[in-house]
Amino acid sequence: MLKGFRRVAFRLLYNECAFIYDIVSPAVSLGRWRSWQRSVVPFLPPPDAGLVLELAQGTGDLQVDLVKAGYRGIALDRSRNMGRLAQRKLARAGLSTLLLRGEAGRLPIQSDSIAAIVCTFPTSFILQPQTLIEIQRVLKRDGPAVILLSGVLTSGGLRVRFIRGLYRITGQAYSDNVGEELLTPFQAPGLSGEARALPLDGSLVQIVLLRKTVAGALGEQDHSLDLAREA
């Protein structure tokens with residue numbers, strides 16, 4: 001029953017009720033959500049390294065950060081509603097980027113064309129073997145995939161204990177796994193990885209860094225757009 005509740009709740013939050021995402025996320029993080037998101041930026045290569053792909057961009061906050069920082073990017077999300085919200089947020093900021101609707105396991109992007117991938121607070125899609133195959137395929141050699149798995153509040157009293165209880169109910173609680181244990185679900189041919197747990201303003205963020213070590217698409221089909229004009 002609990003798993004069924006989670007599935008319904010996540011479907012609503014990322015689709016029909018996507019408009020409340022920007023209300024829920026600051027509330028459950030006591031205002032730290034945006035600083036958690038921005039914690040991935042120092043792990044990215046310089047803006048002139050090439051295109052950055054964000055998987056599951058949600059309402060587009062990180063896209064605004066990246067474009068303002070000089071990155072040229074692509075964002076992909078399976079939710080039509082999230083794409084619309086991201087487009088509006090970018091437009092309000094006077095910014096633009098390429099927003100795609102699709103699945104992380106079937107990226108419409110050329111092989112070896114992406115300098116870095118970033119993904120914050122992903123759902124279980126990030127652990128699917130086909131997603132990891134596609135990450136490896138589209139990254140350039142030595143290109144990183146920076147995945148912010150979770151953030152946890154470490155100070156704040158009763159409110160923090162209540163929020164962490166909610167995380168456990170939704171299945172998004174911070175994992176105590178570190179190192180190789182945390183990286184086990186991310187093992188895939190042509191990718192190496194490391195895990196980081198970083199203190200940040202009364203909280204900890206958990207980041208997995210994957211790096212492409214083998215060139216080529218590993219025999220997978222290339223469902224690509226023509227991105228030559230972007231490179």
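**Aromatic rings and nonpolar cores**

Trp33 is buried, and Phe121 is buried too (buried means under 20% relative accessible area, exposed over 50%, partly exposed in between, with a 1.4 Å probe and protein chains only). This is a predicted model, so local features need pLDDT of at least 70, side-chain atom pairs count only at pLDDT 80 or more, and totals for chains, interfaces and linings use all residues. Residues are numbered from 1 along each chain as its sequence is written, and side-chain values use heavy atoms, with hydrogens and water left out.

Back to the rings: Trp33 and Phe121 form a stacked aromatic pair, 4.1 Å centre to centre with 20° between the planes (rings of Phe, Tyr and Trp, the last by its six-membered ring, pair if their centres lie within 6.5 Å; planes under 30 degrees apart are stacked, over 60 edge-to-face, the rest tilted). This pair links distant parts of the chain, as Trp33 sits in helix H3 and Phe121 in the loop between S4 and H6, 88 residues apart (helices, H or I of at least four residues, and strands, E of at least two, are DSSP runs numbered from the N terminus). Ring pairs join Trp33, Trp36 and Phe121 into a cluster.

Then there is the largest nonpolar core, with 27 residues (a set of buried Ala, Val, Leu, Ile, Met, Phe, Trp, Tyr and Cys residues joined through side-chain atoms within 4.5 Å). Among those with the most contacts inside this core are Leu53, Ile114 and Leu210. Apart from it lies another core of 18 residues, including Trp36 and Leu66.

Helix H4 (residues 61-68) has seven of its eight residues buried, so it is largely enclosed by the rest of the structure.
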